[in-house]
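Good morning, and thank you for coming. I would ask you to look at the sequence and the structure together while I speak.

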Amino acid sequence: QVQLVESGGGLVQTGGSLRLSCVASGRTFSSYAMGWFRQAPGKEREFVAAISRDISFTSYADSVKGRFAISRDNVKNTMYLQMMNLKPEDTAVYYCAAGLCSFSGCYRTTRSEYEYWGQGTQVTVSS
């Protein structure tokens with residue numbers, strides 16, 4: 001089991017920035033591929049970004065490429081999502097997720113590939 005706790009959400013104006021954090025406890029953090037998803041009211045939870053166990057690979061949704069950056073610190077058991085140039089359409093609850101991976105360079109981009117989820121943190125971007 002792994003427990004995930006997100007933080008860093010809040011209210012920001014269009015064009016602003018936020019950094020989300022996800023702290024993991026439990027089994028070895030570096031055994032997991034990690035990812036961020038988001039869910040806006042009335043919409044499906046969607047993929048935002050993913051990072052491999054060894055930090056060698058990252059993947060982003062087209063809607064956030066060039067504005068968001070995912071990173072992780074395997075010593076601090078923490079994953080981050082730096083969000084810049086935020087837009088009202090980025091408003092959502094953001095969730096971090098962890099999925100076991102058999103090799104160090106693997107990463108996950110679909111919901112079904114993640115076994116563990118945090119409780120979410122609200123990000124609201126005002127126009």
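Let me begin with terms: strands (E, at least two residues) are DSSP runs, numbered from the N terminus, and two strands pair if DSSP finds at least two bridges between them. The model is predicted, so to speak of local features requires pLDDT of at least 70, side-chain atom pairs count only at pLDDT 80 or more, and totals for chains, interfaces and linings use all residues. Residues are numbered from 1 along each chain as its sequence is written, and side-chain values use heavy atoms, with hydrogens and water left out.

Now to the sheet. Four strands make up an open sheet, ordered β1-β3-β8-β7, with antiparallel pairing. At its edges are β1 (2-7) and β7, each of which pairs on one side only. On average, and with direction ignored, neighbouring strands of this sheet are turned by 15° against each other; the axes here are lines fitted to C-alpha atoms, and angles run from 0 to 180 degrees between N-to-C directions.

Let us turn to β8. Leu18 faces Met83 of β8, and Cys22 stands opposite Met79.

Strand β7 (residues 68-73) also pairs with β8 over six antiparallel bridges, and there Asp73 stands opposite Thr78. The hairpin of β7 and β8 has four residues between the strands, and Asn77 takes a positive phi near 55°.

Finally, is β8 covered or exposed? Strand β8 (residues 78-83) is mostly covered, with five of its six residues buried, that is, under 20% relative accessible area with a 1.4 Å probe, protein chains only.

How values were computed. Buried means under 20% relative accessible area, exposed over 50%, partly exposed in between (1.4 Å probe, protein chains only).
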